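Dear colleague,

Please find below the structure that I am handing over to you. My findings follow directly after it.

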Amino acid sequence: MKNVFLESHNIKNLHFGFGQFNYHLIKGLYQANIDDFKMTLHAKNLGKLKDEFGNYFDYKKYQSFRRYPMLRIRKKYDLWHSLNQNIKIEPYHDIPYLLTVHDVNFIEEESSDMNHERNIRFREKLERSNAITYISNFAKASTHKHFNVPNVPEYVIYNGNPIREVTLPENHVPPQVSKKPFLFSIGEFTPRKNFHTLVEMLALLPDFNLVLSGNNNTAYANGKLAETIQKYNLQDRVIITGKIDDLDKQYYLQNCTAFVFPSLREGFGIPPIEAMCFGKPVFLSHNTSLPEIGGDHAFFWEQYDPTYMVEVFEKGMHTFETNKETYEQAYIKRAQSFDWNATAKQYEEVYRSLI
């Protein structure tokens, strides 16, 4: 029986985008109930995966030393799927190879020098690929802009929505709640998430608080963001929760006035889709993939002057409130159109084309 190797070790951290992608794709492939070829999961903690998926998959324990060329995995799989562009683990043999590209933000964030180690590694991945999948049209376009892409089949396969149904108990309340109407955002606290612009906007919106969730153990959180909060004396109106579980996230999405996401760079952008599940108005940067993902009913910031951001927010909220049923239905319909089972089916078709 043919065997597809899923280089999936980033599943170890479900608080980050790569981990979420790996887990939900794997779960979708499990739901697909494929019985004419086998798939091998590559991960550090295999116990949890085996408990959830049993013998449907084969398993290979992740070892960091496998990144060195002479110590690479020697088994000759029928297809190797590199689930993101940053992975250092590569096959030892020259076998069919599928690469999934989430973004090439590292060109701007780290180095535009094409001789930079990360750029060289990505070029090598492209060159060995027999097919390439992208999580958005933007990811595809930006890859072609910065790199010479080989003449191989290319596919744009959107991510699914992790929230398939609302499972929030009526009595669930997170440890930190807002005493007044609040805006909500979530993501790792890094410069590209641009959270400090929300604080500057909040200073001009006295009727609202701001709830920010995600990994806040970062230099940006303790530097630029903290300085901005202190500058505007908003310590009592900006609630920083740190990492949260799914129920707390659902609480904030269900109870917020709006979801706000001024990110500078996104390969896809799952949080806005999650907010749409709850029929919430979404305010996004008009950057990278976000217009593509946000769709016709999202509201967009073209720049980040706080007065301008408030103007867009207030006009958007007025439009939403005066057409509430139409907007809520449109948001929910769009959120439902991003489905991990459908995503997994598309990957299954790509696998079949290569093995």
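In this predicted model, Thr288 counts as partly exposed, with a relative accessibility of 24%; the cut-off for a buried residue is under 20%, and for an exposed one over 50%. Thr288 lies in the loop that links strand E12 (282-285) to helix H10 (290-294). Its backbone deserves a look: phi of Thr288 is near 45 degrees, a positive value in a residue other than glycine.

A second residue of this kind is Asn33, whose phi is positive, near 55 degrees, although the residue is not glycine. Asn33 sits in the loop between helix H1 (17-31) and strand E2 (38-43). With a relative accessible area of 57%, Asn33 is exposed.

Turning to the chain as a whole, 13 helices and 13 strands are present. The radius of gyration is 21 Å, close to the 20 Å that the globule rule gives for 355 residues, so the chain is as compact as a globular protein of that length. Along the principal axes, the C-alpha atoms fill a box of roughly 60 × 45 × 35 Å.

Of the 355 residues, 55% count as buried. Where contacts join residues at least 6 apart in sequence, 66% of them are between residues at least 24 apart.

As for the surface, the accessible area of the chain is about 16400 Å², and carbon and sulfur atoms account for 45% of that area.

With kind regards

Notes. Residues numbered from 1 in each chain as written. Predicted model: local features only at pLDDT ≥ 70, side-chain atom pairs only at ≥ 80, totals over all residues. Heavy atoms only, no water. Helix = DSSP H or I, 4+ residues; strand = E, 2+ residues; numbered from the N terminus. Rg over C-alpha atoms; globule rule 2.2 N^0.38 Å. Buried < 20%, exposed > 50% of the residue type's maximum accessible area, 1.4 Å probe, protein only. Contact = heavy atoms within 4.5 Å. Areas by Shrake-Rupley, 256 points an atom, 1.4 Å probe, with all protein chains shown as cover.
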